[in-house]
Amino acid sequence: MARELDERDFAILRKLAPEYSGVLCPESGHEFHSILPPVSNHIAADEEDFAERVARLSDEDWGYLADQILAGREDLGCMPEEDIETVLVRIREAVSEEAAGRVERLYHLSGCGLL
């Protein structure tokens with residue numbers, strides 16, 4: 001489900017990609033509707049760069065993102081598995097093992113076309 005990013009979303013996006021000031025996805029020309037996938041797929045140079053970027057986020061940011069993911073407002077379906085692993089590690093550390101497990105199940109179910 002597409003969503004409109006709000007100021008909190010853009011604040012997180014600025015932490016992840018301070019060099020990027022646009023609201024359009026560089027590849028598609030469409031507005032961002034999630035935070036993590038465009039950073040993973042279009043802004044970060046590689047998985048190491050992605051890991052460095054997401055390490056900038058606070059525990060509070062990760063709590064917010066985990067809530068958005070679990071509510072279906074932050075879609076991780078198009079992200080590569082190695083970046084999902086990075087996200088899961090950060091959620092485990094910042095939020096909880098339970099939240100990371102739920103996000104992981106959601107990611108795998110959406111990849112299987114069950115959601």
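At the start of H3, which backbone nitrogen does a side-chain oxygen of Asp46 reach? Keep that question for the stop at H3. This is a predicted model.

**Stop 1: the whole chain**

Show the protein chain as a cartoon. Its secondary structure comes to six helices and zero strands. Read along the sequence, the pattern is α-α-α-α-α-α. The chain has 115 residues, and 41% of them count as buried. Now think about contacts between residues at least 6 apart in sequence. Of these, 64% join residues at least 24 apart.

**Stop 2: the core**

Hide the surface. In soluble globular proteins, nonpolar side chains tend to be buried together. Here the largest nonpolar core holds 29 residues. Select Leu16, Leu36, Phe50, Trp62, Leu65, Leu76 and Ile91, which touch the most other members. Two or more core residues come from each of these elements: helix H1 (7-16), helix H2 (36-43), helix H3 (47-54), H4, helix H5 (81-94) and helix H6 (97-111).

Stay on Leu36. What does Leu36 contact, leaving aside its neighbours within four places in sequence? The list includes Leu16, Phe50, Trp62, Leu65 and Leu76. Val54, Ile69, Glu74, Met79 and Val87 are also on it.

**Stop 3: helix H1**

Select H1 and look down its axis. Pick out its buried residues: Asp9, Ile12, Leu13 and Leu16. What do they pack against? The partners are H2, H3 and H4.

Go to the start of H1. A side-chain oxygen of Asp6 comes to within 3.0 Å of the backbone nitrogen of Arg8.

**Stop 4: helix H3**

Go to the start of H3 for the opening question. The side-chain oxygen of Asp46 reaches to within 3.2 Å of the backbone nitrogen of Glu48.

Next, select the buried residues of H3: Asp49, Phe50, Arg53 and Val54. Their arc around the axis is only 130°, which puts them on the same side of H3. H1, H2, H4 and H5 are among what covers them.

**Stop 5**

Select Asp61 in helix H4 (residues 59-70). Is Asp61 buried or exposed? Its relative accessible area is 6%, so Asp61 is buried. Show side chains. The side chain of Asp61 makes a polar contact with that of Lys15, at 2.6 Å. Beyond its neighbours within four places in sequence, Asp61 is in contact with Arg8, Ile12 and Lys15.

Step to Glu60. Its side chain meets that of Arg8 in a salt bridge (3.5 Å, N to O). Glu60 lies in helix H4 and Arg8 in helix H1, so this pair ties together parts 52 residues apart in sequence. Glu60 counts as exposed at 59% relative accessibility. Arg8, at 34%, counts as partly exposed.

**Stop 6: the loop between H1 and H2**

Select Ser34, in the loop between H1 and H2. Ser34 counts as buried, with 11% relative accessibility. Where does its side chain reach? It reaches the backbone nitrogen of Asp75, at 3.2 Å. Not counting residues up to four places away in sequence, Ser34 touches Arg3, Leu5, Arg73, Glu74 and Asp75.

Now select His33, in the loop between H1 and H2. His33 counts as partly exposed, at 32% relative accessibility. Draw a line between the C-alpha atoms of His33 and Arg3. They are separated by 5.2 Å, though the residues are 30 apart along the chain.

**Stop 7**

How many salt bridges does a search of the whole structure find? It finds eight.

Select Arg90 and Glu93. Their side chains meet in a salt bridge at 2.7 Å, N to O. Both residues lie in helix H5, three residues apart, about one turn of the helix. Arg90 is buried, with a relative accessible area of 17%. Glu93 counts as exposed, at 54%.

Move to Glu97 and Arg92. Their side chains form a salt bridge too (3.1 Å, N to O). Arg92 is partly exposed, with a relative accessible area of 29%. To finish, select Glu19, Asp49 and Arg53. Salt bridges that share partners join these residues into one network.

How values were computed:
Residues are numbered from 1 along each chain as its sequence is written. This is a predicted model: local features need pLDDT of at least 70, side-chain atom pairs count only at pLDDT 80 or more; totals for chains, interfaces and linings use all residues. Side-chain values use heavy atoms; hydrogens and water are left out. Helices (H or I, at least four residues) and strands (E, at least two) are DSSP runs, numbered from the N terminus. Buried means under 20% relative accessible area, exposed over 50%, partly exposed in between (1.4 Å probe, protein chains only). A polar contact is a pair of N or O atoms within 3.5 Å; within protein, one must be able to donate a hydrogen and the other to accept it, and residues adjacent in sequence count only if both atoms are side-chain atoms. Contact means heavy atoms within 4.5 Å. A nonpolar core is a set of buried Ala, Val, Leu, Ile, Met, Phe, Trp, Tyr and Cys residues joined through side-chain atoms within 4.5 Å. The arc is that of the directions from the helix axis to the C-beta atoms. A salt bridge is a side-chain nitrogen of Lys or Arg within 4 Å of a carboxyl oxygen of Asp or Glu.
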